[in-house]
Amino acid sequence: MAEGMAMARAGSLVSKLESKICYHRDAALEYMEIKAVVGEVMEEKEMLQQDYRALKDELEEAKKTIVEVNKELAAGSAETSLSKKELELVKKKLQDWEAKQNLPELLNCSASEHVQPSNSKQGQKRSMRHQEVPSQGPLGIDAHKSDLAEERPGSMLVNNPIVGQTSVVPPNTDDDVVALREHLIKQFLEIDKYGGRIIGIKEMGKLNVKAFEIACAEKFRTTKAADASSKLYSLWQQRITDVSWNPFNMVTVEGNHQEVLNVNDDKLQELKKEWGEGPYKAVINALMEMKEYNCLGDRSTVYELWNYRADRKATLTECTEYMADRVQELTVVKRRKTRRN
């Protein structure tokens, strides 16, 4: 009996020992897991500290950059304000010049109405013809040909300060206005290479290629249209520059000899009959532009500041305002890029 009790006690002790062993084993496993987690946390902490230090350095660099950018913006704003003041002075000078040019015309018209009311139309015609008299000063056509002979052969600059006037500069034109116009034409020739602008350069006396493209597209409606358009356009561009072809007639109006386009010219009528109104009108417009700018003698083309939105000649005031707007837009874009960087 005593032996049985000893065996029971031994079994109980073995059971307790096994239970404690399992407990310590589980505790050891849990300790290892906790230790691994703590190690990962420490590594993460080290990485965060490194990121923090790097971010701090970047912030310091950013602060320095912001200070430099603010200095540049301040300098840019000062330059922009100066440019605006200069443009305002030029604009005011142009407006004064235009008013000075329009005043004699208004006085002449007023005087003619009071003295000869019955011949007002005749007086207006004489006034317009007077504006078309070529200037022989230093800003005549020959001077403009030499200015841009290297940029576009066969073309020349013209002077047209205000809408409604012909290409001739009045004898009393201010040198500043003339110099500004020549400078604007040269600048627009540089920035207007790709077109698509409200204010730009139009080559007076040059055919409108779109009229020929539309006519050929309507007639062929195939891939041959582009080739046909190119050939037809080249043919007529060469034809209108040929001085041996003169579709003008000399007529006498009120004792004055004038050149009038002969719309019944055989070549013009053949073009109209075969290709329609579009190419026909394009050729007539080019010829009339050559006549307006006194280029029928050599059939050259003339550069003109052009308002494409209004489809007319652009005034110098419109050109300076357009350039000022572009300067302001570029300044805003530059500021935005600087801020993003």
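Guide: A helix here is a DSSP run of H or I with at least four residues, and helices are numbered from the N terminus. Keep that in mind for what follows. The model is predicted.

Visitor: How many helices and strands does the chain have?

Guide: The chain has nine helices and six strands.

Visitor: What share of the 341 residues is buried?

Guide: Buried means under 20% relative accessible area. In this chain, 27% of the 341 residues are buried. The chain exposes about 23500 Å². Carbon and sulfur atoms supply 55% of that area.

Visitor: How many salt bridges are there?

Guide: A salt bridge needs a side-chain nitrogen of Lys or Arg within 4 Å of a carboxyl oxygen of Asp or Glu. The count is nine salt bridges. One of them joins Lys 231 and Asp 227, with their closest N and O atoms 3.4 Å apart.

Visitor: Why are Lys 231 and Asp 227 separated by about one helical turn?

Guide: Both sit in helix α6, residues 224-240, and they are four residues apart, so about one helical turn separates them. Lys 231 is exposed, because its relative accessibility is 56%. Asp 227 has 43%, so Asp 227 counts as partly exposed.

Visitor: Which salt bridge does Arg 181 form, and how far apart are N and O?

Guide: The side chain of Arg 181 meets that of Glu 304, at 2.5 Å from N to O. This pair links distant parts of the chain, 123 residues apart. Arg 181 belongs to helix α4 (residues 175-191), and Glu 304 to strand β5 (residues 301-307). Both Arg 181 and Glu 304 are buried.

Now take Lys 202 and Glu 289. Their side chains form a salt bridge of 3.3 Å, N to O. Lys 202 is partly exposed at 22% relative accessible area, whereas Glu 289 is buried at 12%.

Visitor: Which side chains make polar contacts with the side chain of Lys 313?

Guide: The Lys 313 side chain has a polar contact of 2.7 Å with the side chain of Glu 292. Another polar contact, of 3.5 Å, goes to the side chain of Tyr 293. Lys 313 lies in strand β6, residues 312-313. With 10% relative accessibility, Lys 313 counts as buried.

Visitor: Now the rings. How many aromatic pairs are there?

Guide: A pair of aromatic rings is described by the distance of the centres and the angle of the planes. The count here is four aromatic pairs. Among them, Phe 212 and Tyr 233 are edge-to-face, with 5.7 Å centre to centre and 80° between the planes. Phe 212 is in helix α5 (residues 209-220), and Tyr 233 is in helix α6, 21 residues apart. Phe 212 and Tyr 233 are both buried.

Visitor: Why is the pair of Phe 220 and Trp 275 tilted?

Guide: Planes under 30 degrees apart count as stacked, over 60 as edge-to-face and the rest as tilted. The planes of Phe 220 and Trp 275 stand at 45°, so the pair is tilted; the ring centres are 6.3 Å apart. Phe 220 lies in helix α5 and Trp 275 in helix α7 (residues 266-275), so the pair ties together parts 55 residues apart in sequence. Phe 220 is partly exposed at 33% relative accessibility, and Trp 275 is buried at 16%.

Visitor: Which residues form a nonpolar patch on the surface?

Guide: Ile 34, Val 38 and Met 42 form it, with about 280 Å² of accessible area together.

How values were computed. Residues numbered from 1 in each chain as written. Predicted model: local features only at pLDDT ≥ 70, side-chain atom pairs only at ≥ 80, totals over all residues. Heavy atoms only, no water. Helix = DSSP H or I, 4+ residues; strand = E, 2+ residues; numbered from the N terminus. Buried < 20%, exposed > 50% of the residue type's maximum accessible area, 1.4 Å probe, protein only. Areas by Shrake-Rupley, 256 points an atom, 1.4 Å probe, with all protein chains shown as cover. Polar contact = N/O pair within 3.5 Å; in protein donor to acceptor, adjacent residues only side chain to side chain. Patch = residues over 30% accessible without salt bridge, like charges linked within 9 Å, V, L, I, M, F, W, Y side chains within 5 Å. Phe/Tyr/Trp six-rings, centres within 6.5 Å; stacked < 30°, edge-to-face > 60°.
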